[in-house]
Amino acid sequence: MKEAYELGSACALAAECGRDLRRCAQMYGGLFPRAVFDSDFYTALALTGAFSAPWATSEALKIVNRTSLWVSAVDRLVDHTTTTRSQVEALIRDCLDVADGAAPRAAVTRFLADLRDELATVKDFEDLHPLWRDQLAGMFDAMARAWVWRDTRAVPTLARYLDNADSRGSCFVDLSHWIYAGDEWDRRHLEELRAVSAHVQRYLHLLGDLASYRRDVSWGGLNVLMLGVSHTEVTNAMGKLAREALELLKPVRERSPRTAAYLRRQIGFNAGLYGISG
C-alpha cells in the first residue's frame with residue numbers, strides 16, 4: 001500500500017507540474033509550436049521532474065521544470081531554426097545579455113528573464129549568480145560547438161563528444177533547481193554538485209542519442225551513433241558512467257540524501273522512460 005500510495009502521489013504531482021508547464025508555454029507565443037511540443041512532450045517533462053523528486057511540491061519543482069522547458073526551446077532554435085553561425089552567436093549573445101540583467105527582446109529571452117527574476121527571489125542568488133551565468137555560458141558554448149560539428153560534418157571522438165555534453169543542458173537545469181529549491185548544504189556545495197551533475201549529464205547525453213537516433217538520422221542531426229561508434233560501445237560507456245556516478249554520489253548521500261536521490265533517479269527514470277535497460 002505504501003509503495004502504491006507513493007506512486008500515486010508522484011503521478012498527481014506530475015499532473016500538477018504538467019498543467020504549469022502548459023500554461024507557461026502559452027505565455028511565450030511561437031516559442032513552442034505544437035508540431036514539436038505535443039502533449040507527450042509536456043507529460044514526459046512533468047513526469048521526469050516529479051519522479052526525480054517525488055517528495056517535493058509543484059512550487060519547489062517550478063524552476064527545474066520551467067528551466068528544462070526553456071532549454072528544450074533553445075535546443076530547437078539552435079538545431080532547427082538558425083541557419084548560419086552568426087545567427088547562433090546572436091542568439092547566444094542576446095541570452096547572455098539577459099542573464100546579466102538586460103531587458104529581453106524576444107520570446108526566448110523573455111522566458112529566460114522570467115527564470116532569472118524568479119531565481120532572484122532566493123536571497124542567495126546575488127552571490128550565486130556568477131555560477132549560474134557560468135553554467136549557462138558553458139551550455140551555449142557546447143551547443144555552438146555541436147552546431148559547428150554538424151554544419152562541417154565533423155566526426156569528433158567519443159571522448160570529445162562526451163566532453164561536449166553541456167549541450168544537453170541538464171547541468172544548467174540541476175544548478176537552477178538547487179539554487180531555487182535546494183537545502184543549505186546544496187547551496188554551500190554547488191561546485192561539488194556540479195561535478196557530479198556533469199557525470200550524470202554525460203550518461204543522459206548518450207541515453208538521449210540512443211532514444212533519438214532515428215529522428216536525428218531523418219533530419220541530419222548530430223548523434224553519437226553517427227560518429228563511427230557502435231551501439232555496444234555506447235552502452236558500455238553508459239554503464240561505466242552510471243557506475244562512476246553512483247560512486248560519486250556516495251559522499252553526497254551521507255550529507256544530503258535527497259540531492260543524491262534526485263541525481264540517481266535522473267539516471268534510472270530516464271533509462272526507463274526511453275526503454276533502455278541496464
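The model is predicted.

Let's start with the core. The largest nonpolar core has 89 residues. Which residues have the most contacts inside it? They are W70, F140 and L206. Helix α6 gives the most to this core, with 11 residues.

Stay with L206 for a moment. Leave out residues up to four places away in sequence. L206 then touches L158, Y161, L162, V224, V234, A237, M238 and L241.

Now V78, in helix α3. Buried or exposed? V78 is buried, with a relative accessible area of 1%; the cut-off for buried is under 20%. Again setting aside neighbours within four places, V78 is in contact with L91, M143, W147 and R150. A distance for reference: the C-alpha atoms of V78 and A35 are separated by 17 Å. Those two residues are 43 residues apart along the chain.

The largest pocket holds about 1,500 Å³ of space. It is lined by 47 residues. Which of them are closest to its centre? S72, D75, R168, R215 and Y274.

Where does the lining come from? Helices α2, α3, α6, α8, α10 and α12 each supply at least two residues. For orientation, α2 runs 39-52, α3 runs 62-81 and α6 runs 125-152. Then α8 covers 170-181, and α12 covers 257-273. The largest share, 10 residues, comes from α3. By type, the lining divides into 21 nonpolar, 17 polar and nine charged residues.

Helix α3 gives the largest share of the pocket lining. Helix α6 supplies at least two lining residues, and α6 also gives the most to the core.

Next, salt bridges. Side chains of opposite charge can pair when their charged atoms come close. How many salt bridges does the structure hold? The count is 16. I'll take a few.

First up, E192 and R255. Their closest N and O atoms are 2.7 Å apart. E192 lies in helix α10, residues 190-219, and R255 lies in helix α11, residues 231-255, so the pair ties together parts that are 63 residues apart in sequence. Both ends have some accessible area. E192 is partly exposed, at 29% relative accessibility. R255 is partly exposed as well, at 40%.

Compare E184 and R187. This pair also forms a salt bridge, with the closest N and O atoms 3.4 Å apart. E184 counts as partly exposed, at 41% relative accessibility. R187 counts as buried, at 16%.

Then R116 and D117. Their side chains meet in a salt bridge, at 3.0 Å from N to O. R116 is buried, with a relative accessible area of 12%. D117 is partly exposed, at 41%.

There is also a network. E59, K62 and E118 are linked in a network of salt bridges.

A102 lies in the loop between α4, residues 85-99, and α5, residues 107-119. At 30% relative accessibility, A102 counts as partly exposed. The C-alpha atoms of A102 and A113 are separated by 8.4 Å. Those residues are 11 residues apart along the chain.

One backbone point to finish the tour. R153 has a positive phi of about 60°, although R153 is not a glycine. Where is R153 found? In the loop between α6 and α7, with α7 spanning 158-163. R153 is exposed, with a relative accessible area of 76%.

To recap. The largest nonpolar core has 89 residues. The largest pocket has 47 lining residues. And E192 pairs with R255 to tie together parts that are 63 residues apart in sequence.

Definitions and conventions: Residues are numbered from 1 along each chain as its sequence is written. This is a predicted model: local features need pLDDT of at least 70, side-chain atom pairs count only at pLDDT 80 or more; totals for chains, interfaces and linings use all residues. Side-chain values use heavy atoms; hydrogens and water are left out. A salt bridge is a side-chain nitrogen of Lys or Arg within 4 Å of a carboxyl oxygen of Asp or Glu. Buried means under 20% relative accessible area, exposed over 50%, partly exposed in between (1.4 Å probe, protein chains only). Helices (H or I, at least four residues) and strands (E, at least two) are DSSP runs, numbered from the N terminus. On a 1 Å grid over the protein atoms alone, a cavity is a set of points where a 1.4 Å probe fits but cannot get out, and a pocket is an open set with protein on both sides within 12 Å along at least five of seven lines; lining residues have an atom within 4 Å of a point. Grid points are joined across faces, edges and corners, and a volume is the space filled by probe spheres set on the points. Ala, Val, Leu, Ile, Met, Phe, Trp, Tyr, Cys and Pro count as nonpolar, Asp, Glu, Lys and Arg as charged, and the others, Gly among them, as polar. A nonpolar core is a set of buried Ala, Val, Leu, Ile, Met, Phe, Trp, Tyr and Cys residues joined through side-chain atoms within 4.5 Å. Contact means heavy atoms within 4.5 Å.
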